[in-house]
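Subject: Handover of a structure and notes on what was found

Dear colleague,

Please find the structure below, together with its sequence. My notes on it follow, and I would ask you to read them with the structure open.

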Amino acid sequence: MSDDKSNKPGTPKDTHYAKLRRAHRDQKAGGAPAFRPRQPVPPGDGPVDGLVRLYGLHTVRAALDNPRRKIRKMLVTRNAAERLSIGDLAALPFKAELVEPKDIDRITGSDAVHQGVLIEAEPLKPKRLDALGDTRLVLVLDQVTDPHNVGAILRSAVAFGAGALITTARHSPQESGVLAKSASGALEHIDQIEVKNLADALGQLHEAGFQTIGLDSEGPAELEKTFGGEKIALVLGAEGKGLRQKTRETVTALARLDMPGAIHSLNVSNAAAVSLYAARKFLEKVNSE
C-alpha cells in the first residue's frame, strides 16, 4: 500500500485532476457551455380604473390587515400564499389567482422584487390637515418626489411613532408599487395628509401648537438644541434643492444635524430617521417630567 496521501479523494491533487478531466470533456464537446444571462422583462401596462398595484410580502400583508384598504384582485404563487398564511384563495373577499413568478414578472417587470405576490387595490384617500388628531409628532415633506425616498421615510415615520406624513398635492409621488415596497408595509399604518399650500399648512400647525423645524445642513443650531414645546413637526426638503425659500421663512426654526465626519449631509430618508429618533427622545423626556 502506498504512503502517498496526495492521491486520496478530496486532496488538492485530486481536485486538480478533476478540473483537468472536466476541461478535457468540455474541449471534446466543443467547449464549456456559454453563459446566457436572463433576459430582463419590462413592466407591462399599468392598472386600469385608477387602481394601484402593490407587491411584496410585507406590503401585501399590511394591506390585507388594513380594513381601509379595498383590494380588487390578487396574483400569488403557492410559496407566497403559504408565507402569507393564505390557505384557501376562494375564501378571500376578492378575486385571487394562483400563478407562477413569471406571470407577475410580466406585470411588474423582472426588476421588481415582488416575492411572488401582487394585488390591485384602490389607493388610500389622503386626509385633510384638520383631521390631524392629537398626535405630537408629524413629518412634513417639501416637494420630496423620489418614491424610494418617500417610502423609506414612511417606514421611519411609523417606526418612530409619527402620527402623520404631510405632503403637497403637487410635486409629491403618488401611491405606487415602488413607494409601497420601499415603505415595507408602513403605507397602511400612518395618516397621509395632502395640502395645496405648504406655507399655509405650516401656519395651521403653528396654530395647533406645533413647533415646526426645518432641516438644513447650514442651519444655525443643532437639532437637539432647537426642540421646545410638546408638539414637533419636522420639515424636510428635496434632495439637492433642500427647503424652498418660502418654507425656510415660515418654519419656527432652521436646524442642522451635527455630523462631525467628513460628510456633512445625509440622504433625505436617512436625515428623516435620525431627526425622528431625536424628536421622539425629546418628547418622551418632556412627557415624563
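At 14% relative accessibility, Glu120 counts as buried, a word used here for under 20% relative accessible area, with exposed meaning over 50% and partly exposed in between (1.4 Å probe, protein chains only). This is a predicted model, in which local features need pLDDT of at least 70, side-chain atom pairs count only at pLDDT 80 or more, and totals for chains, interfaces and linings use all residues. Residues are numbered from 1 along each chain as its sequence is written, and side-chain values use heavy atoms, with hydrogens and water left out.

The sheet that holds Glu120

Glu120 belongs to strand β4, residues 117-121. Helices (H or I, at least four residues) and strands (E, at least two) are DSSP runs, numbered from the N terminus. Not counting residues up to four places away in sequence, Glu120 touches Pro47, Leu51, Val52, Arg53, Ile71, Arg72 and Lys73; contact means heavy atoms within 4.5 Å.

An open sheet of four strands runs in the order β1-β4-β2-β3, and its pairing is mixed. Two strands pair if DSSP finds at least two bridges between them. At the edges stand β1 (52-55) and β3 (95-98), each with a single partner strand, so one side of each is left without a neighbour in the sheet. On average, neighbouring strands of this sheet are turned by 15 degrees against each other, direction ignored. Strand β2 (residues 71-76) runs parallel to β3 and is joined to it by four bridges. Within that pair, Leu75 stands opposite Glu97 in β3. Helix α4 (residues 101-108) packs on this sheet and touches β1, β2 and β4, its direction making about 45 degrees with that of β4. Axes are lines fitted to C-alpha atoms, for helices over the stretch in contact, and angles run from 0 to 180 degrees between N-to-C directions.

The seven-stranded sheet

A second topic is the open sheet of seven strands, with the order β7-β6-β5-β10-β8-β11-β9 and parallel pairing. Its edge strands are β7 (191-195) and β9 (221-222), each of which pairs on one side only. Strand β5 (residues 137-142) runs parallel to strand β6 (residues 164-168), and three bridges join them. Val140 has Ile166 as its bridge partner in β6. Helix α5 (residues 147-159) packs on the sheet, where it touches β5, β6 and β7, and its direction makes about 170 degrees with that of β5. Helix α9 (residues 268-288) also packs on the sheet, touching β5, β8 (211-215) and β10 (232-237), with its direction at about 165 degrees to that of β10.

Why is β10 described as largely enclosed by the rest of the structure? Six of the six residues of β10 are buried, which is the reason for that description. In a regular strand the side chains alternate between the two faces of the sheet. In β10, Ile232, Leu234 and Leu236 are buried on one side, and Ala233, Val235 and Gly237 are buried on the other. Six bridges join β10 to β5 in the parallel sense, and Asp142 has Gly237 as its bridge partner. β10 also pairs with β8, in parallel over four bridges.

Thr135 is found in the loop between β4 and β5 and is buried, with a relative accessible area of 14%. A polar atom of its side chain lies 3.2 Å from the backbone oxygen of Leu137, and the side chain of Thr135 also reaches the backbone nitrogen of Gly163 at 3.3 Å. A polar contact is a pair of N or O atoms within 3.5 Å; within protein, one must be able to donate a hydrogen and the other to accept it, and residues adjacent in sequence count only if both atoms are side-chain atoms.

Helix α7

Which residues of helix α7 (residues 198-207) are buried? They are Leu198, Ala199, Ala201, Leu202 and Leu205. Seen down the axis of α7, these residues fall within an arc of 160 degrees (the arc of the directions from the helix axis to the C-beta atoms), so they line one face of the helix. What covers them includes β5, β6, β7, β8, β10 and α8 (245-250). At the start of α7, a side-chain oxygen of Asn197 comes to within 3.1 Å of the backbone nitrogen of Ala199.

Yours sincerely
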